[in-house]
Amino acid sequence: MEQIHHYINGQLVAGGERRGTVFNPATGAAIAEVPFADQATADAAITAASEAFNSWRHASLATRSTVMFAFREILNARKGELAAVITQQHGKTLPDALGEVTRGQEVVDFACGIPHLMKGSFSENVSTNVDVYSIRQPVGVVGIISPFNFPAMVPMWFFPIAIACGNSVVAKPSEKDPGAALLIAQWLTEAGLPDGVFNVLQGDKVAVDALLHDARVKAVSFVGSTPIARYVYETGTKNGKRVQALGGAKNHMVVLPDADLDLAADAAINAGFGSAGERCMAISALVAVEPIADALVAKIAERLAKLRTGDGTHEVDMGPLITQEHRDRVAGYVQAAIDAGATVVADGRGVTVDGDENGFWLGPTLIDHATPAMSVYTDEIFGPVLSVLRVNSYQEALQLVNDHPYGNGTAIFTNDGGAARRFQHEVEVGMVGINVPIPVPMAYFSFGGWKASLFGDLHAHGTDGVQFYTRGKVVTSRWLDPSHGGINLGFPQNR
Ligand code: NAD
């Protein structure tokens, strides 16, 4: 079986006695073993990053952007190779995996412009012959802890900017699909990044805790489920670190009665079942404002019947779930909804697949007449289950979205500009789509939710990213001449 490694100081290394199994979710086969870092391995990764930081922080902006440009070219030329690893270990379809890499590459493109992004400001003669200017400097070693569902894109939300700002990185990918991060690490080295600036530490809670407790780690970017995000935020900040911890989601798509129902049904299918619903921006609650619910459900059901589930390397629309355990958990929510009185319009539990029968399969599932009290609505499910809630007014729909503890993404479908504008203003969610079901911001804006979907102040990438990975410094300067002499113990004032 393939043995996966850590990547420390420019080398693939073993480390840690404990091991995890990596599966191909489309066949159910164990395909690789991944080491779980012990304290000593985590310490080696942080030491490598810490030592590399001492020189990388002095690298010129030109050097840093040159490395990013070179990495961008390698990534662009070999994105198929990376996508194949993602499909094999995660299960999403190849085109979807390619899409993930392309969206991640946008952040690399953005980071290539670091000389402009890190420009400070300068005020001449704030007092007579005194100038003031601001500069931004890297924070040090950065920990990046990522989830299984975007093994390339989520790390890429963070490390290009962290590195371009002059920091060094210890990345801790998900133990379920650790391969993508290793390819990326080797391509960064090939692009000219000095050893130790980007390290990959494989593992679980032990590795995460090492990053959260080591004083040499100054900032942590985390993405994963809300309970772990909260833990990472609280532990990291208690230990004096900057932390941005992005958590789970329950994204609502509100359809107003005036919407084009065909376009809304297409969007609900794409956003509900793409990547088997294992996206933090997936739509899982469809809020139909009456009287259109019956018509909309019929249109979604008609489309859903045509979706092909199977091995992501085949011509299919949707792949398997990440593990058998997760597949069973999601199927359990479907049963719980039935038991609570919801109607199952399409039940994915008996899906026919284009692929190995031992894969972790669950077909697209549509649940109608869900209510706010049902677990299928209260919980993040992270699977191909779309629940329809029926409401009687815009106000009721808004209330539902705002009352939910999560606030990652949401969308409204309508042709009424006034209603859309009102929704954008009133909804308590970090990312809003107007007739766009998955409103993932471009790299030069920032990605992040509200409420239980993000702990911390700054969102991912865009100018928030630059701010998160740098510290501001303000310099007040004058070049002395005899007129500056004299004793004055008063507080400095402008002259
Ligand atoms: P997860 O929380 O299980 O794991 C995330 C990371 O935390 C992994 O690297 C994992 O190894 C580590 N981890 C797991 N248990 C831990 C523990 N007890 N202590 C410390 N670290 C631990 O999440 P997942 O299942 O890999 O990913 C799915 C989740 O991620 C969903 O909740 C999804 O909404 C969320 N997600 C959110 C966003 C966002 O932008 N808000 C993006 C992608 C995924």
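P291 is found in the loop that joins β14 (283–289) to α11 (293–304), where helices (H or I, at least four residues) and strands (E, at least two) are DSSP runs numbered from the N terminus. The peptide bond from E290 to P291 is cis, with omega near 20°. S275 is placed in the loop between α10 (261–273) and β14; its phi is near 55°, a positive value in a residue other than glycine.

The model is predicted: local features need pLDDT of at least 70, side-chain atom pairs count only at pLDDT 80 or more, and totals for chains, interfaces and linings use all residues. Residues are numbered from 1 along each chain as its sequence is written, and side-chain values use heavy atoms, with hydrogens and water left out.

The ligand is surrounded by 26 residues, the closest being K172, E175, S225, G247 and E380; a residue counts as near if one of its heavy atoms lies within 4 Å. By class, this shell has 14 nonpolar, 8 polar and 4 charged residues. Both α8 (205–213) and β11 (217–223) supply at least two residues of the shell. Because domain 1 (2–247 + 453–475) and domain 2 (251–434) both give residues to the shell, the ligand lies between them; the domain bounds come from an automatic or database assignment.

Polar contacts are pairs of N or O atoms within 3.5 Å. A polar side-chain atom of E380 lies 2.6 Å from an oxygen atom of the ligand, and a backbone N or O atom of G247 lies 2.7 Å from a ligand nitrogen atom. A polar backbone atom of G224 is 3.4 Å from an oxygen atom of the ligand. Of the 840 Å² of accessible area that the ligand has on its own, the protein covers 88% (Shrake-Rupley method, 1.4 Å probe).

How values were computed:
Polar contact = N/O pair within 3.5 Å; in protein donor to acceptor, adjacent residues only side chain to side chain. Nonpolar A, V, L, I, M, F, W, Y, C, P; charged D, E, K, R; others polar.
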